[in-house]
Amino acid sequence: MVQLTRAHKELFRRAPDERFTSLEELSEHCRQVKQRSSDCWQLPQLLEPTAADGCVTVQLGDDGASQLNDWSFTQLCRLSRINKDTVNRLSAETASRALRETLPASEKPIQMLKSQVGIRSLHGVAYTRLWNADLLDVVNEFASDFEPPPAGVDGATGLYCGEQDMFAFLIDPAGWAEINGEAFAPGFFVWNSEVGRRSLGVQTFWFQAICRNHIVWDAVEVVEFTRKHTANVHDGLAEIRRIIEGLVEKRNARRDSFVQVLG
């Protein structure tokens, strides 16, 4: 048996506005984000970093200036091969000029994810996006009776989504069954990033206890799958569906067996 700390780490790094109280609320948020986001393509040498209101923005043709968040600004610095900490020490005017003069020239366009508030991410042509909403559609279809764990310290819920990534911790509190003479219940984590911050993934398990720090104690039958955001990332959804289905089927079989023994 092992202790799983993935949800524990999420608990302590998430701000209150990244927490969601139910899977339905998280799913609806992710659907709205998807609807309000769109891709555009631009050659890197045609990007125009400019200064506006003390910040670096990017001019995208006739669309005007688009704001950058922390993640897309980090990616822009990487594209220009300038240390982000160095850029942050410059004035907005000097920083935008430095970025303009160091952006690479290429025949391959940059993929930019835009939202109503600005640019969410910048990627090369090899990156393939998978939406958080699509992942949660699989979860809602095949694990509809799973729910978040009891609230952790500071009201942490186990369900999180921020500008960089999404994470969900779900259990079946009615799914207790006997494994080798001891009581266990099923649970799983799923995670993804629409902006390249982390891989697509799932981890399923059977557990005996969860503390308020969201450490999963005495876990067995741990199964993990991850997939990078390359051309075949959408195939990962089928694998995640198979893994969650397997957990649910095993739960049903064990629960039925447990009921028969009691009868």
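1. Two strands are said to pair if DSSP finds at least two bridges between them, and helices (H or I, at least four residues) and strands (E, at least two) are themselves DSSP runs, numbered from the N terminus. With these terms in hand, strand 11 and strand 12 run antiparallel and are joined by seven bridges. One point of this pairing can be found from F189, whose bridge partner in strand 12 is Q203.

2. A word on the basis of this note: this is a predicted model, in which local features need pLDDT of at least 70 and side-chain atom pairs count only at pLDDT 80 or more, while totals for chains, interfaces and linings use all residues. Residues are numbered from 1 along each chain as its sequence is written, and side-chain values use heavy atoms, with hydrogens and water left out.

3. Is strand 12 enclosed or open to the outside? Eight of its eight residues are buried (under 20% relative accessible area, where exposed means over 50% and partly exposed lies in between, with a 1.4 Å probe and protein chains only), so strand 12 is largely enclosed by the rest of the structure. In a regular strand the side chains alternate between the two faces of the sheet. Here L200, V202, T204 and W206 point one way, whereas G201, Q203, F205 and F207 point the other way, and all are buried.

4. F207 belongs to strand 12 (residues 200–207), and its relative accessibility of 4% is why F207 counts as buried. Leaving aside neighbours within four places in sequence, F207 is in contact (heavy atoms within 4.5 Å) with I171, W176, A183, F184, A185, P186, G187, V216, W217, D218 and A219. One of these, W176, is 31 residues from F207 along the chain, yet the C-alpha atoms of the two are separated by 9.3 Å.

5. Aromatic pairs deserve a point of their own, and a search of the whole structure finds eight of them. Rings of Phe, Tyr and Trp (its six-membered ring) pair if their centres lie within 6.5 Å, and planes under 30 degrees apart count as stacked, over 60 as edge-to-face and the rest as tilted. The rings of W176 and F207 have centres 5.7 Å apart and planes at 65 degrees, so this pair is edge-to-face. The pair links distant parts of the chain, with W176 in the loop between strand 9 (166–171) and strand 10 (177–179) and F207 in strand 12. W176 counts as partly exposed, because its relative accessibility is 34%.

6. F189 and F205 form a tilted aromatic pair, with 4.9 Å from centre to centre and 55 degrees between the planes. F189 lies in strand 11 (residues 182–192) and F205 in strand 12, so the pair ties together parts that are 16 residues apart in sequence. F189 counts as buried at 0% relative accessibility, and F205 is also buried, at 0%. Both residues belong to one aromatic cluster, formed by Y160, F167, F169, W176, F189, F205 and F207.

7. Elsewhere, an open sheet of three strands has the order 2-6-7, with antiparallel pairing. Strand 2 (38–42) and strand 7 (118–123) stand at the edges with a single partner strand each, so one side of each is left without a neighbour in the sheet. Neighbouring strands of this sheet are turned by 30 degrees against each other on average, direction ignored, where axes are lines fitted to C-alpha atoms, for helices over the stretch in contact, and angles run from 0 to 180 degrees between N-to-C directions. Strand 6 (residues 110–115) pairs with strand 7 over five bridges, and L113 has S121 of strand 7 as its bridge partner. Helix 3 (residues 70–80) packs on the sheet, touching strand 6 and strand 7, and its direction makes about 40 degrees with that of strand 7.

8. Finally, T157 lies in the loop between helix 6 (132–142) and strand 8 (159–161), and T157 counts as buried at 12% relative accessibility. Which backbone oxygen does the side chain of T157 reach at 2.8 Å? That oxygen belongs to F20, and the side chain of T157 also reaches the backbone oxygen of L159, at 3.0 Å.

Methods:
Polar contact = N/O pair within 3.5 Å; in protein donor to acceptor, adjacent residues only side chain to side chain.
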